[in-house]
Amino acid sequence: MKDLGGDAVTTPSSRSADQTEIALFYLESSPLMWNRIARQVSETRHLDSWESARLFGLLNMALTDGYIGSFKAKYLYRFWRPVTAIRLADTDGNAATIPDPTWTPLRETPPIPDYDSGHAVEGGAGAQVLRRFFHTDKMSFATCSYTLPAGETCADPTPTIRTFTRFSQAETENALSRIYVGYHFRDAVVVGMRHGQQIADYTVDTILRHGNR
């Protein structure tokens, strides 16, 4: 986390160019991106109006519950963010950690607890709803982002596009982006992704089950 999440200006970073792109690509609202992916896939698969309504209903209920569940966890565990832990490493009771009071993440850290990552929860929930709905992880799709540098966003003539052949690829990138941007420890994103998947499973198993017209 310390090696990858720095801003590469004040703080050195071993992050690759692709990892930096991933960090900035997924800065935008996770629900917006997963709805954009769902819209593309629903059009590719030629869903009718009823099927589309059910898909987006399940997706957005799971995403909403994902934020609720994540914030409940955050304020239950109240675990510190990397930026705080790294700067105050001499106060953690672990002699193996060395403080770096000037460590700076790639982007300013939101003022809420680390565990678990809400962004990873949202990605886990979004991908799992899509997997459950289409009965497969294999799906080709592509998406752009609104939080890349000017000239590369969805609103630009030639946006940067990331392509995928599985929902799990986007789900994993979405989660890892929070390490690359300096926001979260790995445990927060790994657990967050599983948390989102479980929320999605509960949503699909209990809501809009029969698809009655």
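This is a predicted model: local features need pLDDT of at least 70, side-chain atom pairs count only at pLDDT 80 or more; totals for chains, interfaces and linings use all residues.
## Helix α2 against helix α3

Start with α2, which spans residues 30-44, and α3, which spans residues 49-77. Their axes come within 11 Å of each other. The crossing angle is roughly 160°. Angles over 145 degrees count as roughly antiparallel, so α2 and α3 are roughly antiparallel to each other. The crossing of α2 past α3 is right-handed.

Which residues make the contact between α2 and α3? From α2 come S30, P31, W34, N35, A38, R39 and S42. From α3 come S52, L55, F56, L59, N60, L63 and Y67. Sorted by class, the residues of this α2 and α3 contact are 8 nonpolar, 5 polar and 1 charged.

## Helix α2 against helix α5

Helix α2 also packs against α5, a helix that covers residues 118-134. Here the axes lie 9 Å apart, and the angle is about 20°. Angles under 35 degrees count as roughly parallel, so α2 is roughly parallel to α5. The crossing of α2 past α5 is right-handed.

On the α2 side, the contact uses S30, P31, W34, I37, A38 and V41. On the α5 side, it uses H119, E122, G123, G126, A127, L130 and F134. The class count for this α2 and α5 contact is 8 nonpolar, 4 polar and 1 charged. Some names return from the α3 contact. W34 of α2, for example, touches α3 and also meets α5.

## Helix α5 against helix α7

Next comes α7, made of residues 186-206. The axes of α5 and α7 come within 6 Å. They cross at roughly 40°. Are α5 and α7 parallel or oblique to each other? Their angle makes them oblique, because the roughly parallel class is kept for angles under 35 degrees. Again the crossing is right-handed, with α5 passing α7.

In α5, the residues that meet α7 are A120, V121, G124, A125, Q128, V129, R131 and R132. Their partners in α7 are V189, G192, M193, H195, G196, Q197, I199, A200, D201, V204 and D205. By class, the contact of α5 with α7 holds 9 nonpolar, 6 polar and 4 charged residues.

## The largest pocket

Rolling a probe the size of a water molecule over the atoms shows where empty space is left. In this model, the largest pocket holds about 160 Å³ of space. Its lining has 16 residues. Closest to the pocket centre are Y67, I112, G118, H119 and R178.

Which helix gives the most to the lining of the largest pocket? That is α3, with 3 residues. Both α3 and α5 supply at least two lining residues each. By class, the lining has 6 nonpolar, 6 polar and 4 charged residues. Two names link the pocket to the helix contacts.

Most residues other than glycine have a negative phi, and most peptide bonds are trans. Two places depart from this pattern. R78 is not a glycine, yet its phi is positive, about 50°. R78 sits in the loop between α3 and α4.

The other place is the bond that joins Y115 and D116. This peptide bond is cis, with omega about -5°. D116 lies in the loop between α4, residues 82-87, and α5.

Methods:
Residues are numbered from 1 along each chain as its sequence is written. Side-chain values use heavy atoms; hydrogens and water are left out. Axes are lines fitted to C-alpha atoms, for helices over the stretch in contact, and angles run from 0 to 180 degrees between N-to-C directions. Helices (H or I, at least four residues) and strands (E, at least two) are DSSP runs, numbered from the N terminus. Angles under 35 degrees count as roughly parallel, over 145 as roughly antiparallel, 65 to 115 as roughly perpendicular and the rest as oblique. A crossing is left-handed if the near helix is turned anticlockwise from the far one by less than a right angle, and right-handed if clockwise. Contact means heavy atoms within 4.5 Å. Ala, Val, Leu, Ile, Met, Phe, Trp, Tyr, Cys and Pro count as nonpolar, Asp, Glu, Lys and Arg as charged, and the others, Gly among them, as polar. On a 1 Å grid over the protein atoms alone, a cavity is a set of points where a 1.4 Å probe fits but cannot get out, and a pocket is an open set with protein on both sides within 12 Å along at least five of seven lines; lining residues have an atom within 4 Å of a point. Grid points are joined across faces, edges and corners, and a volume is the space filled by probe spheres set on the points.
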